[in-house]
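Here are my notes on the model you sent over. Have the structure open while you read, and go through the points in order.

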Amino acid sequence: MPKIGVGVVGLGRIGQLHAEIFRTKIPNAELVAVSDVIEDVAKNVAARLGVKYYTKYEEMLKNPEIDAVVICTPTFLHKEMIILAAEHDKHILCEKPITVTVKDADEALTKIAKAGVTLQIGYMRRFDYAYQQAKEKIKKGEIGKPITYIAIARDPAPPPGWAADPKLSGGIFLDMLSHDFDMARWLLDAEVERVHVEGGAMIYDEIKEKGDLDVVTINVKFSNGAIGHVHGSRKSAFGYDLRTEVLGTEGTVYVGYRQDPMFAIGTKQGLTYWGIKWFFKRFYDAYVEEDKHFIQCLLEEKIPLITGEDGKKAVQIAEAAWKSYKEGKTIQIT
């Protein structure tokens with residue numbers, strides 16, 4: 001079976017993770033090159049992985065050995081990078097979210113359709129074993145009819161750099177909670193029809209100054225009649241705190257992520273588990289499966305589990321959430 005040549009652009013933590021996975025974990029893929037605007041970063045990663053490096057994305061796209069690119073750059077760069085890849089006839093795995101706005105997503109998807117290339121969006125939770133088990137149980141009817149979706153997502157700290165600016169990242173609703181919006185649509189197999197938001201900048205002055213929020217709650221209504229609640233916070237004192245629950249008429253599925261079961265300490269005060277502080281520790285296998293799926297879809301000419309349209313839906317929900325917060329009312333999503 002032929003191998004798919006891969007180039008990775010954007011070598012922050014997530015970009016380096018994808019590069020390492022494609023270099024070592026995907027038999028039918030060959031990491032050809034990496035790219036970053038910081039030459040020392042690109043050069044060091046390339047040397048470690050034994051591949052070529054570029055500081056200019058367009059130059060990497062000209063490499064005929066590359067069949068597909070993995071875009072791991074800041075969100076506000078995604079639209080143009082997707083369009084450039086499509087124009088160079090490269091397939092694309094783009095880290096979430098697809099773009100900052102629905103308008104940008106529409107422009108990118110128009111180019112994708114015209115070029116006829118494959119686009120997969122990186123909502124890796126769909127490939128996590130626990131979420132996949134939840135999906136399977138719901139699909140088999142083991143909890144009856146799903147009627148309520150509940151999600152809690154709390155990060156240990158606010159995002160750094162460009163991600164702290166909602167104009168560049170989409171803020172808490174898109175940069176952080178779009179994972180939960182995507183999971184809601186997937187687990188319930190239904191669309192989010194309306195949202196109502198309460199929230200504020202209650203913890204960090206710098207969050208407030210940039211116009212973002214650090215604590216929010218979002219009530220949602222689904223197209224199948226189910227209801228839901230998504231809560232997000234930019235602070236969790238003990239580490240990442242991710243929990244998802246789907247209540248059905250005959251049962252409930254839970255996916256939790258609050259503590260490290262590998263270590264606990266017992267004292268007179270009781271038994272204490274350590275909080276997880278490293279996000280990639282929990283989802284490493286999901287990233288591997290996500291990358292495998294992308295290559296398999298290219299080799300077998302299949303539609304990815306998470307399409308560009310799925311990516312656009314998450315942006316649409318995030319935009320509605322911002323509108324609800326700013327206008328103080330329920331927003332219908334068309």
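1. Start at Asn28, which sits in the loop that runs between H1 and strand E2 (29-35). Helices (H or I, at least four residues) and strands (E, at least two) are DSSP runs, numbered from the N terminus. Asn28 counts as partly exposed because its relative accessibility is 28%; buried means under 20% relative accessible area, exposed over 50%, partly exposed in between (1.4 Å probe, protein chains only). From Asn28 to Phe283 there are 255 residues in sequence and 22 Å in space, C-alpha to C-alpha.

2. A word on the basis. This is a predicted model, in which local features need pLDDT of at least 70 and side-chain atom pairs count only at pLDDT 80 or more, while totals for chains, interfaces and linings use all residues. Residues are numbered from 1 along each chain as its sequence is written, and side-chain values use heavy atoms, with hydrogens and water left out.

3. What sits over the ring of Phe283? The charged end of Arg282 does, 4.6 Å from the ring centre. The rule here is NZ of Lys or CZ of Arg within 6 Å of the ring centre and within 35 degrees of the ring normal.

4. Next, the largest pocket, with about 1,200 Å³ of space. A pocket is an open set of points on a 1 Å grid over the protein atoms alone, where a 1.4 Å probe fits, with protein on both sides within 12 Å along at least five of seven lines; lining residues have an atom within 4 Å of a point. The volume is the space filled by probe spheres set on the points, which are joined across faces, edges and corners. Its lining has 44 residues, and the closest to the centre are Arg13, Ile14, Trp162, Ala163 and Asp175. H11 gives the largest share, three residues. By class the lining has 27 nonpolar, eight polar and nine charged residues (Ala, Val, Leu, Ile, Met, Phe, Trp, Tyr, Cys and Pro are nonpolar, Asp, Glu, Lys and Arg charged, the others, Gly among them, polar).

5. The second largest pocket has a volume of about 240 Å³. H12 gives the most to its lining, with five residues. Among the lining residues are Leu174, Val315 and Trp322.

6. Trp322 also turns up in an aromatic pair with Phe173, edge-to-face at 5.0 Å centre to centre and 90 degrees between the planes. Rings of Phe, Tyr and Trp (its six-membered ring) pair if their centres lie within 6.5 Å; planes under 30 degrees apart are stacked, over 60 edge-to-face, the rest tilted. This pair joins helix H8 to helix H12, 149 residues apart, and both residues are buried. Ring pairs bring Tyr325 into a cluster with Phe173 and Trp322.

7. On to charges. Side chains of opposite charge can pair when their charged atoms come close. The count is 25 salt bridges, each a side-chain nitrogen of Lys or Arg within 4 Å of a carboxyl oxygen of Asp or Glu. Glu87 and Lys111 make one, with their closest N and O atoms 3.3 Å apart; Glu87 is in helix H4 and Lys111 in helix H5 (residues 102-115).

8. Is Lys329 buried or partly exposed? Lys329 is partly exposed, because its relative accessibility is 42%. Its salt bridge partner is Glu327, again with 3.3 Å between the closest N and O atoms. Elsewhere, salt bridges with shared partners join Lys79, Glu80, Lys103, Asp104 and Glu107 into one network.
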